[in-house]
Structures are given as structure tokens and as C-alpha cells.
Amino acid sequence: MKYSLNAVALAALSSYAVAKEIAPDEKLAAEIFDSGVRHETIMSTKMAYWDSRREQGLFDSTQYKSMSPDVDVVPCSNGIAELVAGDPLYTFKCSKLDLYDFKSHADLGSNGGEGAGSWGWTSPDGREFVAIAQSDGSAFAEISPEGKLIYLGRLPQYPDAEPSLWREIKGYKSYIVIGSEAYYHGIQVFDMAKLLDVDPASPVTFNNEDDISHFNGLPAGRSHTVQTNEEAGYAVASGAQPRNSTCKSGLIFIDLSDLSNLTSPGCAAADGYVHDAQCLIYRGPDSKYVGEDICYGYNEDTLTIYNVTDKANPSIISRTSYEGASYTHQGWVLDTQWQQYLVLDDEYDEYDHAGLGEPGYPITYIWDISSLEAPKQTGYYRASRKGIDHNQFVDGDYVYQSNYGGGLHILDVSSIPSDPTGKGVSEVAYFDIYPEDDDEEGGGQVEFQGTWSHYPYFKSGYIMINTIERGAYVVKLSS
């Protein structure tokens, strides 16, 4: 998606008119971000909330009924998809997304449930597989041509580690890379091609001795998120605590060229804790960096852009904050082949009633990264229902967002290059997987519940949504 010079010039002018980027507040950063106070506050808030829900039995996924295989599809009609007639807990608010399947975490082989990250893989012959993170490991399923989840087995958490709700997954060729906040877990690398010959009648529990590659070079075995750069052949473990370790919980690079001997060529520690990132070979308007290996870091209070071409000596290109920054969480470039804009979410601005998030509606922050040395926060999109934004991914003209209790939201962002203020961004579809809060003021609760992640890249159009409490859903845009 390369844009004309006129479009670029207009975008630049409008970005200066509404720019909200600011220099990092170093004093505040030292007090609450670099110290880890804000992150520990968020994690303890989540854990206290989740503990209370466990005590109420809400995390027992056996109570949530999987969708009958006899039901082909539950269409979104007049704003609802009614899986069980007359039952409000199985009546989902929606727009232009139909429900094809739901399987509980229990029916996906988990004893503990509690869903988190997810990713997918398409085999050379077009079969579609998903990895679904749960507190006690990762479940594997194939999505059939009819949109049904066919459970194939699981990979338990690394045996030295305790279960943890924080488990993240990214893809590399036919492999997935799995990290967890559990101590001594390390990084698991599993080949999804092992699923091709599994008989669904006999699901396989894979093991951590023969079926994976393992990286144990993290300071305490913990990581908060993982990333991959498939083109450059490496993975990244981010947020690997403690913060006073050599890599300062920054980007720890893992060479994937020899899966029998996973090693780290270095780390990016200069800006401390990295919550999440996207690492790409740079293609875009900033000619100085074309062909360089660039990581866009979402670093608690800043968008931090790194040049990581030399893994042993990475450098920071820029550190930029923005008004109302409460916890810079995650983001994605709009076009990996022309990296001029990205979208960013802040996980705590709604909860903290800060800046644009003060009313409690999820905010998507729009950034012009035409200059990697001077990115501009040009605009934003505010969601129509209250909640908290979590993970988002871009495919073509659309951003797919997991907004906790608000469910999956799909935004049309094709207008951003011509109007980076966000005024032209619109919601084209959504599926609310958490009906428990539908009657709340604003259409939802500002709480850490519902969907953690999703995978939107299948050619079939099926989208898998992983949820904390219930299990995994498969939806697809209405024809």
C-alpha cells in the first residue's frame, strides 16, 4: 500500500494539526514504569480479580456447553446470534459475524482452562490449524472446511513450570513459539506439522522431551510475550523478568536457524521492560532504514523503535510517549510492506480513567511512522461499547481487535493514509463473546474478562477467538 506524494503530504499536514505525541516524562517513568510499579499494579489487579472469579466457579469451563456438531451455523440476525434459544448466557450480541463453533476449554483437553494467547498455521495443502493457549498448556485443533474445531491434542506447560494464565504464542513457518509468565518455563518451539497425521479419535498429548525445541536462556524462565521475525529467522522473548537482569526485561533474541540448538545472539536492554513488540525488515518511506531489522516496541509508557540489525549491539531509534499514556500494551503496523502507519492500544487508560480512555471506551491510537526517528500520534478511534483493549492484528484494510469483554471487533482502517486523524475509521463487524455484562451502562464492564486473543489470517475467513473463561469460538463474516 504505497501512497501518492500528495496523500503523504496531506497526511503530514493533518498529523501536525492534531499530534498528541509527547516526550517521555522521565521522572514519572522512573517512579512508576521503569521501577515496575505500574506493571505489578496491573498484574496484581488482574490476579485479585481472577482469584475472585475462580472462587465463584466462573473459571470452571466444564459449565460452558460446547456447540453441538449438529448445528451448522448460528447466524447473526437482528444484532444477536442465539446459540441456545432463550438463554441469555448463550445469546451473543453481534454485527455481521456468524458463529460456526464453540468448544469449552475442558473439551479442548484442559484441566485448568483459562485461555490466553493463540495463533494459527495453514499447511501447504490448505488445512487450517490453531494453537490455543490455556493455563496448563496449549491445545491444538483443526478448523474444518465447515468451520468446526476438531480437537487434536495438546502440549502441556514445561514440566518445571506451574500453570499460568499468561501464555503467549506466535508463528514461525510451520512452528509456533510459546512463552509463559511461569517461572522455569522457558520458550517452547513446536512444529504444527506434527498435527497433520493425528487421528481426531485419538488426540495426542505431546511431550516436552521429544516433541519440542526448548530455549532455557531466560533469566528466570519467564516471559510476558513472544514475537517472531519469520523473514529474519528469529524469535523474541519480551518482558522476561526480573528487571534488574542483564537484558532489563527488554527484547531477548532467539536464533531459530538451528532448532536443535536454540541460542541468543543478544538483547535490547536500553529502554528496559518491553511489554510487546513487532519486528520486521523495514520497507517504508524512511529511506535511511530500508532493509534494516526494526522492532516496534510497546514499552509501558512509550512507543520505542529499535534498530536490531546487529543483535549484539541493537540501538534505539526513538522513544515517544503520548497524552494519557497509562500502559502502552501492543500494536501492529498497517502494512508490513510499506511501514508508514501503525495502531497502538493502551491496556490501562480505560481502567485508570486517563486521557482519551477516561470515559471507559477502548481507544485505538493512530501513529504516523514515516520518520522512525520522529513518529507522530496523529489521531485515534474510540469504540462504541465500554471495555478494555488487549490484542490487535492487521490484515489488509482491517484491524481485528480482542477487547476483553467486548469481544472481537473489526475496524476498517483503509482511510488512515488519507486521514490519519481516525475520523474515517469505522467498525464493520463485531462479536461479543461475553454476554454477562451486556446490560451494563455503556454496553460493557471495564474489566479483565472475556477474550484475550484471536487469529484472523486464515484464507477461509474463519477467525478463532480465545477467551479466558469459556473456551474458543469460530466466527466468520456474514456473506
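Q: Where does Ser249 lie?
A: This is a predicted model: local features need pLDDT of at least 70, side-chain atom pairs count only at pLDDT 80 or more, and totals for chains, interfaces and linings use all residues. Residues are numbered from 1 along each chain as its sequence is written, and side-chain values use heavy atoms, leaving out hydrogens and water. Helices (H or I, at least four residues) and strands (E, at least two) are DSSP runs, numbered from the N terminus. Ser249 has its place in the loop between strand 15 and strand 16.

Q: Is Ser249 buried or exposed?
A: Buried means under 20% relative accessible area, exposed over 50%, and partly exposed in between (1.4 Å probe, protein chains only). Ser249 has 1% relative accessibility, so Ser249 counts as buried.

Q: What is the phi of Lys248?
A: Most residues other than glycine have a negative phi. Lys248 is in the loop between strand 15 and strand 16, and Ser249 has a positive phi of about 65°. Lys248 is not a glycine either, yet its phi is positive, near 55°.

Q: Which peptide bond is cis, with omega near 10°?
A: Most peptide bonds are trans. Pro242 lies in the loop between strand 15 (234-238) and strand 16 (251-255). The cis bond runs from Gln241 to Pro242.

Q: How many residues apart are Phe190 and Phe206?
A: These two form an edge-to-face pair, 4.9 Å centre to centre with 65° between the planes. Phe190 and Phe206 are both buried. Phe190 is in strand 11 (residues 187-191) and Phe206 in the loop between strand 12 (204-205) and strand 13 (212-215), so the pair links distant parts of the chain. The two are 16 residues apart.

Q: Which ring has the charged end of Lys476 over it?
A: A charge sits over a ring if NZ of Lys or CZ of Arg is within 6 Å of the ring centre and within 35 degrees of the ring normal. Lys311 lies over the face of Phe253, 5.8 Å from the ring centre. For Lys476 the distance is 4.6 Å, to the ring centre of Tyr462.

Q: What is the radius of gyration of the chain?
A: The secondary structure comes to 3 helices and 32 strands. The globule rule, 2.2 Å times the number of residues to the power 0.38, is compared with a radius taken over C-alpha atoms. For 479 residues the rule gives 23 Å, and the chain is as compact as a globular protein of that length because its radius of gyration is close to that, at 21 Å.

Note on methods:
Phe/Tyr/Trp six-rings, centres within 6.5 Å; stacked < 30°, edge-to-face > 60°.
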